[in-house]
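Please keep the structure open while reading.

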Amino acid sequence: MDFNLTQEQTQLSDTLRRWTEKEYDFETRREIIASHEGVSQKAWSGLADLGLMALPVPEALDGFGASGPDMFVVMQALGKGLVIEPYLATVCGIEYLKHDADKFTDLLQKAATGEVRFACALGEAQSRFNRADVAMTAKADGAGYILNGRKTVVIHGAQADHLIVSARTANGTRERDGISLFVVPANADGVSRSDYRTIDGMRAADIDFANVRVSDDALIGAAGEAWPLIDAVSDYARALICAEAVGIMQAVYETTLEYLKARRQFEQPIGAFQALQHRMAEMFVEVEQARSMAMLAASIAGSNNPEKRRHTVSAAMIRVGQAANRVGEEAIQLHGGIGMTNEMQVAHHFKRLTAFGAIYGDIDHHIARFTQQPGFRKIG
Amino acid sequence: MNLEYDADDLAFRAKVRSFIEENLPCDVQAKILNHKRLNRQDYKTWHQILHKQGWIAPAWPVEYGGAAWSPVQRHIWEEETTRAGAPNIISFGVNMIGPVLMEFGNEAQKKYYLPRILSCEDWWCQGYSEPGAGSDLASLKTAAKRVQDADGHHFIVNGQKTWTTLAQHADMIFCLVRTDNSGRKQQGISFLLIDMKTPGITVRPIITLDEDHEVNEVFFDNVKVPAENLVGEEHMGWTYAKYLLSHERSNVAEVGRSKRELRFLKKLAMSYTSDGKPLLDDPLFARKVAILEAELMALEITNLRVVSADDGKSEPGPEVSMLKIVGTEVQQRLTELMVQAVGPYGLPFDTDFLEGGREHAVTGHDDAAPLTASYLNFRKASIYGGSNEVQKNIINRMILGL
Ligand SMILES: Cc1cc2nc3c(=O)[nH]c(=O)nc-3n(C[C@H](O)[C@H](O)[C@H](O)COP(=O)(O)OP(=O)(O)OC[C@H]3O[C@@H](n4cnc5c(N)ncnc54)[C@H](O)[C@@H]3O)c2cc1C
């Protein structure tokens, strides 16, 4: 057992810290948020130059074949630096394509250099957090399929070059069998995207698919059998957002601690008040408990034991989700009025924490999933 | 013990309810019920409707143009207006500076300012907090120096106020300023009324984390204030400030508003689904709503106990701190559960829609679009008006004596 980072991981973490401090400061980020595109080509190229896009791509396809812990390090740094580029979306796209690597060699190689960006169009208006709740249809037609339906709140949907889309080739809306995954060029005929801002400074899109024709080449894996893959990649994404949240919480914790030492009221630092010392101590505990769960999730994210993976990742979503909520709210409260301003980085960290479970399932969703695993009732 | 309203109360309720139904402008009501942002005119319109009816100042005595309602009647009024979705009356005039002037102002000040507060000719804002003086308000530094020149006696004001709510709309600001540095910090503070149009005043917006413009910084650079704008005696401002703070904390429980928001929460939880079933049928979610509803029921009765004990003569006591703590926690929890109720639809951030620039949200989910902004905004409730930590210190000092 070893909880330490490898030398390479430490280097990667330092590099990313320096990069975000230099290339992605508060003002730069504000301009990106306000820009029409909502993301920065320059930042994307910068991250690609650092090898970030190549990390999750298999070595055989010009990538680095990164492990879960490698990605933990990356996401922590991106979280702390409040990076709003379509990295997570692209990494998840890569995870889907890796499943059918022989078929998608070209796209994966392009992804490794940052040439293409992906978004995962899985959610629908009614589906909430259930990725099997798919009403969108794909009808077999000659040597391909015709897609019809609407995907909603697709993170970075309008910034992507290719969309990973779930659609039903068989069965009823919430059945796990009968779901297929397709790679659809974002500029394909019949695709229309409505881009909007999200509360945490990112972008999302609602995407309509009206008689979109794709060939068999667009199908990832076998028709109707995408559920286990969707479940696995979603868990991988969850492990990554847990790591990101830990990076954010660490930053929030440090900032708040500094503030408690610096801010004076009643002729003393507010950190001298025992009421606040206890709150700060609780924040410390939250961050450490969350870190433990995020490390566990990162180490298990690529596991080929689905039950163990689900059990661990849902537990991480529960615990990190609680911490994200508590740490974010406490940080604002302990800052007082200044915490409420958009000028303060801590407010933006808080907003990102607020978005924690909004796509990959809130605490209740993961409590339900956790308690439904057969292992929950097996009492040792 | 009898927890029922009597017949007079019920008749009063019926009367005000029908007035509100007939007079509350529909567009303003729709904004409130749907968590959209109000503009200056929205507040003013409702204020003037109530002024015409003679109901703008429920607690003021009749001689000053108030309605002189009993505490229970005021409570009913608050419930009915919030239930219907009426805007809050901007409290800086009617609830804050008005009572201070009635108690400590001179005849000329009462005669001039009170009617203008009632008619909303003057929109007031509150200049208490400073960058270095928040919870420790008495450490404020904005300085006022008394001078005499050809125009007569004046104060020259220099310094900065901050977090000044809606100062961008205000005609007048009441300020705590330092007129003496020699004694304890609570001594040497004076209470000044300042016209926002006076040369030397600069208002700068502070944009909050929900990207709203609700608070401001107000800078004073050699601002010349006529000496007759001093309230009461020089250096005695802290006494008046404390009097005002006790009034600021009236209706802190916000029971009416929270009951309205609870209804909204339940509506959301009936229409948003998880696996095809309404969220309210999910025991995990229902449990949270039930716990919150029970807390709100308790708060309603606790609040009524405080209201009923109010004889109109003595100052509100430390129990108001309890109402502030629970009231704001309930409000915040409501916003939190609403965000949870809509799941992914808590993410889109649509300022255009919030500000009325577009009729429908980009996502088509009008009910969900404002909710996270509202959640973020309501973090303020446990910070302002005396933070909840400070309220606990008050309970300790005044009740527990630990
Ligand atoms: C949206 C908004 C609107 C406002 N509107 C107005 C307005 O119109 N006019 C006006 O004058 N002011 C206004 N305020 C200011 C408000 O009154 C102050 O923010 C408040 O008094 C807290 O002061 P502070 O922000 O300086 O925080 P600080 O006093 O610096 O407090 C920071 C943290 O320390 C805690 N703390 C401080 N002292 C103690 C203690 N002794 N024991 C334990 N904990 C302590 C606080 O609870 C808080 O958590 C507004 C504030 C907000 C956020």
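A cavity, on a 1 Å grid over the protein atoms alone, is a set of points where a 1.4 Å probe fits but cannot get out; lining residues have an atom within 4 Å of a point. Volume is the space filled by probe spheres set on the points, which are joined across faces, edges and corners. The model is predicted: local features need pLDDT of at least 70, side-chain atom pairs count only at pLDDT 80 or more, and totals for chains, interfaces and linings use all residues. Residues are numbered from 1 along each chain as its sequence is written.

**Cavities**
- The whole structure holds four cavities of 30 Å³ or more.

**A:Glu244**
- A:Glu244 sits in helix 7 (residues 227-262) of chain A; helices are DSSP runs (H or I, at least four residues), numbered from the N terminus.
- A:Glu244 is buried, at 7% relative accessible area; buried means under 20% (1.4 Å probe, protein chains only).
- Beyond neighbours within four places in sequence, A:Glu244 contacts A:Met75, A:Gln76, A:Gly79 and A:Arg352; contact means heavy atoms within 4.5 Å.
- The C-alpha atoms of A:Glu244 and A:Val74 are 8.2 Å apart, across 170 residues of chain.

How values were computed: Chains are lettered from A and ligands numbered from 1 in the order in which they are written. Side-chain values use heavy atoms; hydrogens and water are left out. Helices (H or I, at least four residues) and strands (E, at least two) are DSSP runs, numbered from the N terminus. Buried means under 20% relative accessible area, exposed over 50%, partly exposed in between (1.4 Å probe, protein chains only). On a 1 Å grid over the protein atoms alone, a cavity is a set of points where a 1.4 Å probe fits but cannot get out, and a pocket is an open set with protein on both sides within 12 Å along at least five of seven lines; lining residues have an atom within 4 Å of a point.
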